[in-house]
Amino acid sequence: MPASPVPTLVAPAGPAAAAEAGAPAETAGSAGARVRHRFTVYGVVQGVGFRPFVHATATGLGLAGSVRNDSAGVQTEVEGPWEAVEEFGRLLRENAPPLAQIERVTVDALPPRGERDFTIAPSGPAAAGRTQAPADTATCAECLRELADPADRRYRHPFITCTHCGPRFTIITDLPYDRPVTTMAGFPMCADCEREYTDPTDRRFHAQPIACPACGPRLEFLAPDGRRASGDEEALAGAARLLADGGVLAVKGIGGYHLACLATDEAAVATLRRRKRRGDKPFAVMAADLATARGIVELDDAETRLLTSPARPIVLARRRADPRPRPADAVAPGNPDLGLMLPYTPVHHLLFGPRPRGAGDAGLPGIAVLVMTSGNLAGEPIAADDADAARRLAHLADGWLRHDRPIHIPCDDSVVRVVDGIEVMVRRSRGYAPLPVRLPFAVAPTLAVGADLKNSCCLGSGRSAWLSGHVGDMDDLATLAAFDGAVTHLEHLTGTRPLRLAADAHPGYRSRAWATERSRARSARTDGRPAPDSPARPVRFVQHHHAHIAAAMVERGLDGTTPVIGFAFDGTGYGTDGTVWGGEVLIADYLGFRRFAHLGHVPLAGGDASVRRPYRMALTHLAAAGIAWEPDLPPVAAAPPNEREVLARQLRGGLGVVPTSSVGRLFDAVSALLGVRQTVDFDAQAAIELEARSRGATADGRPYRFELREPAAAGGPLIADPGPVVRAVVADWRGGVDVATAGARFHEALVALVVTLAQRARRDLGLETVALAGGVFLNALLLASARRALLGAGFDVVVSRSVPPDDGGLALGQLVVAAAGDRLEREARPAGPAVADRKR
């Protein structure tokens, strides 16, 4: 899946452009006239084979001149007959390398110099601007053919790469992109690599990570007994032997370490799960090839394209009923979906074997599928630095397969799923970060710090926003350090020094505390140390659900002149009234919002205790619906008697209780009421399992219904009372209705509520665009059904796609809301009549 589309805005390369640039009009377009033009290309144009493409194009047209990287992009000067220069401009726009993303091209006419050759000039600084850093990409087909060819000098070389593939973002230390400013700087090229690097006809012409067995990085295997195997084949053999013996292997990749074991080995998977403190959270797996993947999960065309794309994300796909090979039950317990990816580095491909003849342990069978999970404990950032990994993963891994190429910035795997034919980002990281998202209006340099869970940050300037890779949960020092590194790296690569900050309005968020602390005294440097007389920077606090809706609007390219009907359904968000929101219908633009409707409040007692134990939310909803806690109900039976007594006192007295309108917590309650899940090991587990049980079932013409109550005061929000739904769930449970049918009825009730409220907003306000955002809309059944129903009712439906709809994409929404607020203050104009609440 490509990053958010970046339009190509190109100045015309014909006579008009030359005349505008100062060339005499009567000679600019004369047939055969010799002209010289400078083309400056902005966007993701470094590290994607752009200079070799330019060189081949120019020389193929018989043009003279030069091409070079600078810190703004790629600058090319071509000289020759006007017709050839005109054709060069067309090919530059239309035939760019597949990994390039051109933002714009400027054209300037220059006096001819009489040059006869075309060269690649040394990189240099630009007068202004900053180019975009490319993302890491999977090993290309050409390199894989060489990897498997015994006659090729890079046969089985674990670091094979070319201009079309390999590490980029994770090894770049500065721009413009050249080998000395990557972590390959410590590996001098051998004579053969130097020859390829300087040969315009070679695929590795100016491929910065170029390497071979003679000069490239080296693999090393560290065995459980401390012995080291330092040759590539010896290291791979040791790693394969450890995996075959049921061990857990720490594997250093492009963006960090993975923990791997045989996915078909129940004992090995259980050991990894126990060591990692994973609970029941699913593991991702890596299949040897596409044919193996198709034997494990069902793949449609869209999922296949994603799985085999240069980004190579983890794709959530439905497991086959009788998979071959069969992953262990402990890989993804109770989940009908499996997160699956294909090998994306040469080391991955070599691990899957088979071993070459003459190599150690050549008789080991080839590996079909591995658990391949992030090298960390639950909630921590991925380990990437070798010393840090040795410390943090020592008690998790039995052996280590690592290499001596440093990882400059960690970058975890991306996760994507296909819902109703559209791609939805679950986690945006490797393969996508730091590709820019195009903004609907220009913003001043701003840093948005995101949420506390599933954190990523977002840096914006002009019409571009850059999201970091997935950082993690902001609850320990390792994550905070990773966050600092992600911010510093983005600032350095983009050349953007934020003048203001944006953070969530929740007063207890660690991300907000980080922003507040940095706002008091901020360095203008990129090394994080204080600079003299550094001015304080303002922080704008953005309401959580407003940010969710704004992020979805950005992706569609909406300019905000017309508000949207925004449905923000999630687990927790700090509301402007001090309560916990999560079932919100907001009439929103970038400047602000009005709370049009929300799920009826119920008490949230004990905060995180009720999040971790869905039976508590079920008991709360039962009490709110006027239903006694009878022992025949699953959550009543699951709750210890003393806890029920304490909870009852809390609900009566209000101590330690805050009202919540969360749809996520309602999912927890219904899951518990139906006996699906009473406690959880990871975020949204109860909802995920309820969705899984509900797939393929129907409501049998008897969906549940929310009761819609008019606002108590004029202009107040509508209330969607969940009480009737809870009572219907209990009646179905006691009546013996199966879980699948009851779950389908609940999902259909939510879909009907969404359509009813959207129609009410259209009737009252004349709005036609609906945005669906928040983590609850990662529920594929709910999202697909709601989207189809809204489209059928004539609405334009906006859904987050290349940025996660949950907290992983929150920073993008924070950025644009903060920027719009700044613009409003500068312009000193009043808010529009449809959007009244400007609270942050």
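Me: How do the axes of H20 and helix H22 cross, and within what distance do they come?

Reply: The axes of H20 and helix H22 (residues 723–734) cross at roughly 15° and come within 10 Å. Axes are lines fitted to C-alpha atoms, for helices over the stretch in contact, with angles from 0 to 180 degrees between N-to-C directions. Helices (H or I, at least four residues) and strands (E, at least two) are DSSP runs, numbered from the N terminus. This is a predicted model, where local features need pLDDT of at least 70, side-chain atom pairs count only at pLDDT 80 or more, and totals for chains, interfaces and linings use all residues. Residues are numbered from 1 along each chain as its sequence is written, and side-chain values use heavy atoms, with hydrogens and water left out.

Me: Parallel or perpendicular, for H20 and H22?

Reply: H20 and H22 are therefore roughly parallel. Angles under 35 degrees count as roughly parallel, over 145 as roughly antiparallel, 65 to 115 as roughly perpendicular and the rest as oblique.

Me: Which residues make that contact?

Reply: Leu666, Val670 and Leu673 of H20, with Val726, Val729, Val730 and Trp733 of H22. Contact means heavy atoms within 4.5 Å.

Me: And what about H20 with H21, what angle there?

Reply: Helix H20 (residues 663–673) and helix H21 (residues 685–694) pack at about 60°, with axes 8 Å apart. H20 and H21 are therefore oblique to each other. On the H20 side the contact uses Phe667, Asp668, Val670 and Ser671, and on the H21 side Ala686, Ala687 and Leu690.

Me: Switching to cores. How many residues are in the largest nonpolar one?

Reply: The largest nonpolar core has 72 residues, and Phe667 and Ile565 are among those with the most contacts inside it. A nonpolar core is a set of buried Ala, Val, Leu, Ile, Met, Phe, Trp, Tyr and Cys residues joined through side-chain atoms within 4.5 Å. Helix H23 (residues 739–765) gives the largest share of this core, 12 residues. Another core, of 43 residues, lies apart from it and includes Val248 and Val418.

Me: Last one, Arg463. Where is it, and why does it count as partly exposed?

Reply: Arg463 sits in strand E20 (residues 458–467). Arg463 counts as partly exposed because its relative accessibility is 34%. Buried means under 20% relative accessible area, exposed over 50%, and partly exposed in between (1.4 Å probe, protein chains only).

Me: What does Arg463 touch?

Reply: Not counting residues up to four places away in sequence, Arg463 touches Val437, Arg438, Leu439, Pro440, Phe441 and Ala442.
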